[in-house]
Amino acid sequence: MKSDIIQGVKAAFITMAVCCVLYTGAVYAVGFLAKEKAEGSLIYKDGRVVGSRLIAQNFKGERYFHPRPSAVDYNAAGAGGSNLSPYSKEIRERAEKIIAENGSGLPADMVTASGSGLDPHISLDSAVFQAERVAKARNTDKNRIIAVIDEHTDSYLKIVNVLELNMALDRVE
Amino acid sequence: MVFVTLIIGISAVLSWFLGRYMTYIMDSSEQGTWQSYLKQFAVFNVIMFAVSFAVLAFQQYLPLNPDGKGALTADLIFNTAASFTTNTNLQHYSGEVSMSYFSQLFALMWLQFVSAATGIAVLTAIARGLGGKGFGNFYKDMMRATFYILLPVSFVVAVLLIFTGVPMTFGGTVEAHTIEGALQNIARGPAAAFIAIKQLGSNGGGFFGPNSAHPFENPNFWSNAVETMSIIIIPMSCVWMFGRLTGKMRHAAVIFGVMLLLLVMKLSFAAYFESAPAGALAGLDVQTSSNLEGKELRFGTSAAPLWAVVTTSTSNGSVNNMHDSLNPLTGLVPLTGMWLNETFGGVGVGMINMLIYILTGVFICGMMVGRTPEYLGRKVETQEMKLVLLALLVHPLCILGGTALFTIMPWGAETVHNTGAHGFTEILYEFTSSSANNGSGFEGLGDNTPAWNIATGIVMLVSRYVPIVLPLMAAGSLAAKRISPDTSGTLHTDTVLFGAVILGSIIFIGALLFMPVAVLGPVSEYMAGALK
Amino acid sequence: MTKTERREARSSAIFNKQAVTYAAAQSFRMLSPRVMIKNPVMFVTEMGAVLSTISLFAVSADAYAVSVTLILWLTVVFANFAEALAEAKGKAGADSLKQVRRDTVCTRLTDGGSEKVGSSELKVGDRVLVCAGDIIPCDGEVDKGIASVDESAITGESAPVIRESGGDRSGVTAGTKVLTGDIEVIVTAGAGESFLDRMIALVEGAVRQKTPNELALTVTLAGLTLAFLLVTTALLPIGRYFGAELSIPTLTALLVCLIPTTISALLPAIGIAGMNRALAANILAKSGKAVELAGDIDTILLDKTGTITVGNRQAVQFVPVSGVTEAQLTETAMKASFGDMTPEGKSIVALAEQLSGSTAETPADAAVISFSAHTRLSGVDTNGHRLRKGAYDAVTAFVQQNGGRIPADLKEITDRIASAGCTPIVVAENDRILGVISLSDVLKAGIQSRFARLRAMGLRIIMVTGDNPLTAKSIAGEAGVDGFVAEAKPEDKLNYIRKEQKGGRLIAMIGDGTNDAPALAQADIGVAMNSGTQAAKEAGNMVDLDNNPTKLIEVIEIGKQLLMTRGALTTFSVSNDVAKYFAIIPAMFILAMPHLAGLNIMNLASPESAVLSALIFNAVVIPALIPLAIKGVRFRAMGADALLKRNLLIYGFGGVVLPFAGIKVIDMILSATGMF
């Protein structure tokens, strides 16, 4: 029994050293080959972090495309979904409110909260739907907006990264 | 559907080779009885629990804590230590909120390696015993599995994940000044290393709260594909390893086929049910689409049901969408996966669970050929059936007993996030997931309470160790018997018919035990919703 | 006989009035919990019935609750009835045996005299004198004398058998009757321990223990019951969460429907019936375990003579060596066989007479040389001629001893005869070999098809013979056995069994002689013939009262049928649960959750009638399946996989479908009464 315990403590020590220190260190080292990604795909503007390409942030203004609803208010240090039953009243009420604000015929992703609350994408349909509002707010032609959307659309999944799209819009202006 | 077929198909093909490699690594001629193996197994698991408990309890004094995470409550520490020691990875905390990097790496990730290696080790011992060799030495098996199987494969996956955009940094939370002038705190961390083993070892505990739905854990379509395959590949390989170690490859192929068939059935149901829009949107002026509540857009439409099925089939428990928000009948599919818990199952333990079903099926159907039932040429008698049935009983006891208790007690009923049938399903799911050592959750449940932490902690421990120890004992008892030769009068374990027998046993046992709660939870919610 | 008449004849055999009366009374007597606890599943059922009865007084006693309670009790009674009925059948057999076992007065021989004592006073080692007309008072061995004995009381066979001292026909059984001759018998079993006593005890079930497989199945069923107990108990609080108050009778009904009552009720009956079937085939198994084990046998060792071939070999041809005429050989062979009273010897004389057309007289001075194991020759010495016949090596040795030489073509002739499956007997006169007699073995009628049946079940048949390998091989091929042990000595059997057992095989053999005893003891199933020695009977684990060597086949079939019946009824029992769930679950919750109405796929009339219908079906199925349990599921000689497929289809698939129909029909009847 005693030798079993000694053996066990030894095994624990060795596995911990290898799995936690060596393995993590090795993966960390590889991370330097893709430093930008390993650090969280951060986007800098004027030397300041404006966000992560992978993390949704709350755009409220009319001039910007809005991300999907977030159950955690885009809190990137405490992410989460709504965890509501798809039959729940809350989902319906939220959807009715968004429809009241945006009009009818909305794409479904605009009225449903994402799993992480940080989904950085909206569907192409959603982007096109919002294009009119953004064009109006920016006093520009809707087709110009659509052109920018097209540039930032993932053609296979038909989705658009909101932060990149909004930054591109600002650049175009 | 193409995506689903490719993911499953590629995994199945790769598993053949990995199974071969695993056999090469794990096969040994070390002697040893099942008793000595069991003792070493028990000692090491106690050490695992103790070490992780200590690290979590003192995390505020330990290094690698750039964000200054504070102390955890005792019940949460118990629950988390039990959860990771048992390879469950049920999380009643949110990683980026509560855990220091040291806790994540030295308590949790360490357990993700060694608890997975434990599963592989015990399966190896059982297979060796049934194959007529010695049971071997637990420590040697566990180290072999860690160093030569889990570690190299994890490294490859971790590197792939970094290149898809998973962070690997000790930089701590970064403060972003958004374009609109607001502030956003973005939690980061050494996620890539953690996630690789989380997926491969059927652990499932996420670095961040929303698990693999979080963009940092799963940044795009490709990371999602890699992670999905990582969930299933070692459990698949374990079946081949079992076949090679016992010298019954055709038998292993039949088992593999049955598991695959069940998986495909579940996938078809889930994909079909989830293609309907969320019920709450019925009648609203919204474009029709599949249910998008709780889903991320970047994985594509079939990725969520695929992941939900695969992760609950393998006792992994990571999620890339919120199961609480799955359509009711889709939600039934993950539940079913965890009730059965052996459509490939957890690394090592999935195949062990399958043995429980096989022995039950063999016993009842084996008599119908007019012989004392035999498995791999060895008679299945009272001793084995006692052990097998006890192991089989643990699962319904933990799930139904726990659910029954928490539905009438305020500490259960008041923590649910939804009302009626869905609230019931949240409780049912939590106990199912704990008992299946899965770890996924209907996350709406307010489960970080002393009652939940203690109850699920106990459930995880009981339902991890009983179904490992008892089959090991049964294998020990079987291994001591003489092997009768294979004739046309014996039940063949390598035929389609035998596959049908185990498939039937699994479906029957699962259905008979869990049909009432399935009806009261998901089915009832669906029928009530459909009536509206 | 029409089909219905035949069916009636069959069922009346099971449900005859006497047995039913006994069983009906017994089934109430067995309600005592102390008896019920032996069957965990039925014990739980009984406890459910008790609980339900209490709730009648404590909670409410409407027509529904009363009906449920009544049916619960009925379920328990039905289960007891099944067991008691099977016992009754055994009892009937035991009673007729008891007639035989009456106390008789017998003559015990003492030092220098004799005394009259009651048979119950006999002790092992006593010596008794039994004269013509007496009933043999004890089990024993004939020590002196020879007698013809009527054993019909035990075997049912009316032809008398010969019992004599020495050799392999020395065993006598208590209760049998000496017809002619006086014998002295040494008692081998004291009063109350005789063969007959053990047989009666066995039949009455007094010594019935659960067999290994029965025990394992009981454990399994108890485990399933525990699981369903969990399922139903959990529903009480869960129901409350949904606002459904579930009544005790309803919950108990669900529990009893789910737990495997069908197989548990019939399990004791299946076991008893298996023993009864063995007895009906005139096989006395020393334990139920032996019958069960018979199903697992995968190799059978059979003696050639008397089992595979008709006991007597017949002379069919005389083949002279070159330089000898057939007539010369025929005459010498005939002369050499004078005085040989074995069937072989007689057949040689008969054939010779037929060929030469004359009958020969035994020469007056002829001295008959009998066969001895030492010389392995037999023959006649007459007038200075020494005529001999025997096996090749024995005769050639004899001739060479006398200075003769071996004809060049002798070897070729004997091999040719042996290869054809006949036994070559070489004939010699002094130093000269004349030729060879060909003795042919005749296979028993239909033996090939019986072996084909066995092989279809995956059994290997090994023939044991004293013949030379060539003859053995030929006969083995003709009979269709899988292997043979040629030129076998008694210890070869034992060695062969040990060797096979090392390879994991389970071996059955049949034997009668004292020589066979070690092998009978070593074999997993050793069937001793009742005519055999006491040693053989003690060594084996079964005794065949008919002395029929092919009885092994029946033993194996009975064993297999026993296990198949258990497996089939277990599968059926578990399969039934699906329909019961569909009947009861919606019924339980429909009041609190009306939207579940869609699950009532059988469209049952009301929640009450749904629960009752399922419960009634569950109860009624028990007596309905008693005939199947007692007769066993139909056995067919086929491979394991084919059997499994067939049984799965009938009892698995049928078990799922049948209750849907059954419950629906009962529901229609119930709702027609207007009560539910």
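Modeller: In helix 7 of chain B, the buried residues are B:A191, B:A192, B:A193, B:F194, B:I195, B:A196, B:I197, B:K198, B:Q199 and B:L200. This is a predicted model. Helix 7 of chain B runs over residues 191–200, and ten of its ten residues are buried, so the rest of the structure largely encloses it. Buried here means under 20% relative accessible area. The packing partners of these buried residues come from two chains: helix 1 (2–31) of chain A, and helix 5 (101–130), helix 6 (138–164), helix 8 (221–246) and helix 10 (303–313) of chain B. Just after helix 7 of chain B, B:S202 has a positive phi of about 45 degrees.

Now the sheet. In chain C, six strands make an open sheet with antiparallel pairing, in the order 11-16-15-14-13-12. Its edges are strand 11 (314–320) and strand 12 (367–369) of chain C, each of which pairs on one side only. From one strand to the next, the twist averages 20 degrees. Within this chain, strand 13 (residues 377–382) and strand 14 (residues 385–390) pair in the antiparallel sense over six bridges. One example is C:S378, whose bridge partner in strand 14 of chain C is C:K389. Helix 14 (residues 392–401) of chain C packs on the sheet, where it touches strand 13, strand 14, strand 15 (422–429) and strand 16 (432–440) of chain C. The direction of helix 14 makes about 155 degrees with that of strand 14 of chain C.

Terms used
Residues numbered from 1 in each chain as written. Chains lettered and ligands numbered in written order. Predicted model: local features only at pLDDT ≥ 70, side-chain atom pairs only at ≥ 80, totals over all residues. Heavy atoms only, no water. Pairing = 2+ DSSP bridges. Helix = DSSP H or I, 4+ residues; strand = E, 2+ residues; numbered from the N terminus. Axes fitted to C-alpha atoms, helices over the stretch in contact; angles between N-to-C directions. Contact = heavy atoms within 4.5 Å. Buried < 20%, exposed > 50% of the residue type's maximum accessible area, 1.4 Å probe, protein only.
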